[in-house]
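Try each task first, then check your steps against the solution.

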Amino acid sequence: MLSGFAGRAMTQSTSDMAELDTAELNQYLFTSYGLTGQFAPLPGEIDANFAVTTDAEQRFLLRVHARGAARDEIELQAAVLQFLQSIDPTLPVQRIMPSTSGELLPVVVAADGSPSELRLTTWLEGDVWAHSISPQRTQRAASAASLGRLLAKLDKALELFDHPAADREHRWDLARSEDHLKLVSLIDDPDKRELVTAVLRRFVEEVAPRLADQPRQPIHGDANDYNVLLGSDGTVSGLIDFGDIVRSWRVNEIAVACAYAMIGAPDAIGAVVPLVSAYHDENPLDEVEVNSLFDLILTRYAASMCMAAAQIRDNPTNTYLLISQNDVWERLQHLTAQNRKIAIMRLRAACRFEAVPARPHIDRWLQRNSHRCGPVFRRDLSGTNLRVLDLTEPDERIATALLNSLSNDPASAHLVAVGRYGEERSMYRTPEFETDDPTERRTIHVGIDLFAPAGEEVLAPLDAVVVGVGVETVPLGFGGIVVLQHETDDGVAFFTLYGHLSPSSFATLSVGDRITKGDVIARLGRADENGGWQPHLHFQLMSDLCGWATTEIIGVVARSQWDTWASVFMNPNHVLGLAADCSVVVERDAAWLQRERQHVIGRSLSLSYEAPLKIVRGEGAHLIAHDGTSYLDMVNNVCHVGHCHPRVLAAGQRQMAQLNTNTRYLHDNLIEYSRRLTATLPAELSVVFMVNSGSEANDLALRLARAYTGHRNVVTVDHVYHGNVTSIVEVSPYKFNGPGGQGPPEHVAVAELPDLYRGRLRYGQADAGAGYATSVASAVTHMLAAGQAPAAFFSEGILCTGGMLTLPDDYLHHAYAHVRAAGGVCIADEVQIGFGRVGSHMWAFETQGVVPDIVTMGKPIGNGHPMAAVVTTPEIAAAFANGMEYFSTFGGNPVSAAIGLAVLDVIRDERLMHNAELVGNRMMQGLRDLAATHQIIGDVRGLGLFIGVELVRDRSTLEPADHEVGAIVEEMKRRQVLLSSEGPHHNVLKIKPPMVFSNANCDEFLEKFDAVLSEYR
Ligand SMILES: Cc1ncc(COP(=O)(O)O)c(C=O)c1O
């Protein structure tokens, strides 16, 4: 039992049992397990442990239990390992190997006749946490999170475990810490005794009663830094030693783990936040458990010190034990010196509990009552008088010069400059802004600054009681401070803070004074009395004073702790009501966003890549991540003319500044756009409906078809996708035959996928188009036989989810003919491929020489602005105009139309269709050249810049290389190229970059792709 810090010393020694010689061990191993091998002794307190390498190079851990060891405890450990193996074989815990006669704990008899139990378990790779934990914050966080996840899974499994010995009284059970009070007197140092007593008393008086009703279950109970193994990637590869398993409060599992995971971390709480949050995500904790965690961690340290004192009493020469206790004492002091309330808030926030439970209530009260708040200055703070500053400037001199220039411009004397809430400022460079973590400073401003001359009177915005007056003298500090307490109508307190005041102006103010809304509470201070700043008011709204003395209150916080601080420091504009943009969205790291997304965004929406990207900017054919890495974007056919194209941007901005309203007014943009759009289409397609998404366009197309034909049924092509609305999921086999789908509805018939690579008719086969179109014909025939008729046939000009399949020659020609013969209309879905992407034509259907009855457009139409369109014939449009009005609130609004026009202009002016053809051909040729050396490339197909590369393991069997495609996409991402996969077999690389994709971009891709494929040769 290597329990706790007290036990850690024992890991350095070996048991008497280690005296066993190799011959004896080999005999044990052979008689019990039929194995022979090499032995290396391992540390063990009581039992003898050996690393065994068998002659067959397998590694095991052999434990020879001490003679006379408690049989029920040995059995408990064996039982739990066996149980875990059966319930969750993925848990990285040792597997117990039965002997040749099937026993888990075979008994061997030593030469002296004494019996011992053996236990052989699998060997877990990795190094102990204590030796291998990274000092680097993000790596350490990943290790901690992986430990949290493992413990959560383990505890979920252990909840179902039962064994009589699990209910034993165990001295290391944190729930029994009351017993340690008896040992406190053994601690020599009076300071230590005092602190340990205080911690244990709090446990007895507050923590244990609070936890009385909390879940109890068997827990491992000792995830210490010598029992947790880390693999080479820094994540947990194993948890060993179930010697302390006991039924206890569930939360004790992570309390113990946290106590050890904090060792050596500059910011102890910050180091365990990832552990606790990962545990909570997997095995949600109760609020009471989370509130108790901090005290339980302290209790573990206190218990460890008591146990160590007892061990030293029994074994005074054990100096190693004394040394190992230094860590414990250091951590106990570190944690007890911390603000306990804030530590608990941080652990609450880690589990997505509101750091300050009252905050949402205060927030809602302020939302409803903000009109009751008065001004803080007499001067006019209306929007036109406000100048919002950007103080994010990393060069402190520029930021300071900006501030100084404010007071030197007489023309702007009436203006009030505003400093923003949530703004990241690098100007706080003095030691006061350091955090426990040397890699992070306090930089996020949590008040709103209002710059006005020294002497400006500051008024109370609400009735209040003074709860703090003080002067902070450090440079860049608050100078003179007043803190007021207010109450919601139902008596919940909240606070406002006024910083950078002139101390003499509030000299008569005392804590407890009652203030009436509108009273002058103080005046703004000069630079020499306000912390060295341009005169201004730092106004802060707080849900809790966190137990701080007035001069301890902070106004700038660490970004990584924003979860906690956003709950304490509320947006001050609730009270100020400034008509200006005076708050900033605080940027969060990718890990936080990913986790939060799971809670606030529907989980049916997936993310790309194993490690999702946080993209913050786009430019041309590139996307730029938060860390500045620039990725070549080869999958974004939405930002058609290039990310953030300046002409499209300007067109949108211009029109947005002028007017945006619905289409019930006359507007040039709508008509001009519709004329320009129809000019790109065959003459019969001349009536436009503007909508907002491809799905909406296809839904409207279906309604048009039904109105015109009077029929309901639809023929659709296998594996394709047309949109996310109910009516369109019903015509999308990709969805209704995919995961979660329920097959086609009775009104939908699915035509065969015209796949020239792996389908019934293949490349080079004459009349493949007509051949595949017979499937459309038979779908129609079946309908007619059942007394139905098709309203519509949906098809794309290149089948995207079908696997980027170009259509066989004349396929649409024949298919359209079959459908039309039965009275149906033909819908061309150009949502993916339209607007010149195919290079040779504006629309993909044109490459088939057909004219559809309805065309739907989306994605590229607005270069990322949400808009879409349906274009049809006057006859179909007329049939739809049956009295029921059709209106789309946003469709065709002046801003969308302006953006649509700009996209058409850019396609024309930058010759983007031609570019698509040239670069697309270069790409396809390059890919076909690569196919000569890379057998995995089965097929290269496409038109213009819409290209599929089908990967196969075997060119004759066409076995799909699906895993390989996934791995290639990930590897290309590592090389800064973004791709994705497609197709019924998930083995087609999808290439559809912005149309500004250049020859150089193409060559860069080919070169990197070649290098990556070489790894699969
Ligand atoms: C061919 C096709 N049609 C329609 C849609 C639906 O478009 P949206 O997502 O804009 O609703 C998609 C979307 O991927 C599509 O690929």
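**Exercise 1: the ligand shell**

Some ground rules before the solution. This is a predicted model, where local features need pLDDT of at least 70, side-chain atom pairs count only at pLDDT 80 or more, and totals for chains, interfaces and linings use all residues. Residues are numbered from 1 along each chain as its sequence is written, and side-chain values use heavy atoms, with hydrogens and water left out.

Step 1. Check the secondary structure, taking helices (H or I, at least four residues) and strands (E, at least two) as DSSP runs numbered from the N terminus.

**Exercise 2: polar contacts and burial**

Find polar side-chain atoms close to N or O atoms of the ligand, using the polar-contact cut-off (N or O atoms within 3.5 Å; within protein, one must be able to donate a hydrogen and the other to accept it, and residues adjacent in sequence count only if both atoms are side-chain atoms).

Step 1. Start with the ligand nitrogen: a polar side-chain atom of D829 sits 2.7 Å from a nitrogen atom of the ligand.

Step 2. Move on to oxygen. Q832 has a side-chain N or O atom 2.8 Å from a ligand oxygen, and a polar side-chain atom of K859 is 2.8 Å from an oxygen atom of the ligand.

Step 3. Now the area, from Shrake-Rupley with a 1.4 Å probe (for residues, only the protein chains shown count as cover). The ligand on its own exposes 390 Å², and the protein buries 84% of that.

**Exercise 3: salt bridges**

How many salt bridges are there, and how accessible are some of the partners?

Step 1. Apply the rule: a side-chain nitrogen of Lys or Arg within 4 Å of a carboxyl oxygen of Asp or Glu. The count comes to 58 salt bridges. As background, side chains of opposite charge can pair when their charged atoms come close.

Step 2. Look at individual pairs.
- R359 and E354 meet at 2.8 Å, N to O; R359 is buried at 18%, while E354 is partly exposed at 25%.
- R953 and D962 have their closest N and O atoms 3.0 Å apart; R953 is partly exposed at 37%, and D962 is partly exposed at 28%.
- D314 and R313 pair at 3.2 Å, N to O; D314 is exposed at 58%.

Step 3. Look for networks: R202, E206, R210, D295 and R340 are linked by salt bridges.

**Exercise 4: the whole chain**

What does the C-alpha trace span along its principal axes?

Step 1. The spans are about 100 × 90 × 50 Å.

Step 2. Count the elements: 28 helices and 41 strands.

Step 3. Of the 1017 residues in the chain, 55% are buried.

Definitions and conventions. Buried means under 20% relative accessible area, exposed over 50%, partly exposed in between (1.4 Å probe, protein chains only).
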